Amino acid sequence: MKKIYVSYSEGYLSYDFGPGHPMRPERLEYFIKLLESIPLLKECSHIFQPEKASKNLLTLFHTEDYLQFVKESCSKGVGYLDSFDTPAFRGCFEAASLMVGGTLECVRRAEEGVPAFNVGGGYHHAYPDRASGFCIFNDVGVAVKFLESKNYRRILYFDMDAHHGDGVMYSFYDDPRLLCIDIHESGRYLFPGTGFENEIGVEDAEGLKVNIPLQPYSGDCEFEYILQEIVKPVVEWFKPEFIIMQCGGDSHWGDPITHLELSTYSYILATETLKEVAERYSSSRIVLLGGGGYNIFNTNRCWLSALATLLDISLPKYAPKKWLSLLDSYVHPYLLDRELTGREPGPIVKETVENLKELVLKPKGIV
Ligand SMILES: [Zn+2]
């Protein structure tokens, strides 16, 4: 029987921007409850409690000045950590350090060849010296620096959150050790307004940053097309030694703050693709991170789909009744969506794919 490590602590619930903020900590708690209410998944999932990341580890990616600023804002507990959407709160330094600690412990455990999932990870907007988009510390950035310090030379970061993972992308823009593939809603329509296909990295990293913007209302058929035409060939060429996947649930069709229309099928397909690559090239060293997702029910279903795929487990048809009763609004009882494939991908995504073939695949001799 396969197994997976899952990082979770009640301390994760302290990462709370307060009532009215779209990022509710319950989405993490409910996910663990869902996982534990499906016997086969519960048996395979080894839930562990992470420690806070130390200052030495945080400064692998963040500046000392920024850590000091978060610490001071944390003790005041008022104001914003960025210009408009990441409020400071009492305990924010500790809560954000705990999330990073969870991702780092997942990385350490995955190094032994057992996949790991930090449901409280994937804070991809934070920069070395500033917070952004609900992200205080960038656990992905710290994890990549940690892996680099251990001499990994081919790390893959795959990001399917609806928002572009700008904090990761631009902080490693000239770093050839990190292949960054980011599928997101086009920056023309959504925060942070970046991640266009002509942004491919610089110097030795040219062609190793792959941005795939999607038009609003793109769905499974566009996502599947991109996986086949771009992601698979580039990843096969790169042969990653370690894989980090951010599976933000806000690309799902029911998300209230974005406009993509993926179903649980795309989460399964992406995880299947990376799992196969991990088995072939990285001795199953793969870490999944929760990322965004602002409809709790759908986000939990997307994460569960990804986790079950790594374990080769088919999900039951219905969500457990007791778990459904936690949710404060009526939802349908199914764990998986109906597949929404079979439609021809639209002309804009076809043009994006052709551009990426010219810019990224051809110079590598892939096509
Ligand atoms: Zn997002």
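User: Where is Asn-151 found?

Analyst: Asn-151 lies in the loop between helix H6 (139–149) and strand S4 (155–159), where helices (H or I, at least four residues) and strands (E, at least two) are DSSP runs, numbered from the N terminus. This is a predicted model, in which local features need pLDDT of at least 70 and side-chain atom pairs count only at pLDDT 80 or more, while totals for chains, interfaces and linings use all residues. Residues are numbered from 1 along each chain as its sequence is written.

User: Why is Asn-151 called exposed?

Analyst: A residue is buried if 20 or more other C-beta atoms lie within 10 Å of its own, exposed if 12 or fewer, and partly exposed in between, with the C-beta atoms placed from the backbone. Asn-151 has 8 other C-beta atoms within 10 Å, and is therefore exposed. Its phi is near 75 degrees, a positive value in a residue other than glycine.

User: What makes Asp-312 exposed?

Analyst: Asp-312 has 11 other C-beta atoms within 10 Å, and is therefore exposed. Asp-312 sits in the loop between helix H10 (296–310) and helix H11 (321–324), and its phi is positive, about 60 degrees, although it is not a glycine.

User: Why is Leu-289 called buried?

Analyst: Leu-289, in strand S8 (residues 286–289), has 30 other C-beta atoms within 10 Å, and is therefore buried. Leaving aside residues up to four places away in sequence, Leu-289 touches, among others, Thr-103, Asn-118, Val-140 and Ile-244; contact here means that the two C-beta atoms, placed from the backbone, lie within 7 Å.

User: How do you know that S7 and S8 pair?

Analyst: Two strands pair if DSSP finds at least two bridges between them, and four bridges join strand S7 (residues 242–246) to S8, so these parallel strands qualify as a pair.

User: How do you know what span to expect for H12?

Analyst: The expected span of a helix is 1.5 Å times one less than its number of residues. Helix H12 (residues 347–361) has 15 residues and reaches 20 Å from its first C-alpha to its last, close to the expected 21 Å.

User: Which residues of H12 are buried, and what puts them on the same side?

Analyst: Val-349, Thr-352, Leu-356 and Val-360 are buried in H12. They cover an arc (that of the directions from the helix axis to the C-beta atoms) of only 55 degrees around the axis, which puts them on the same side of H12. The face turned away from this buried side carries the exposed residues Pro-347, Glu-351, Glu-354 and Glu-358, while the cover over the buried residues includes strand S6 (209–214) and helix H8 (220–238).
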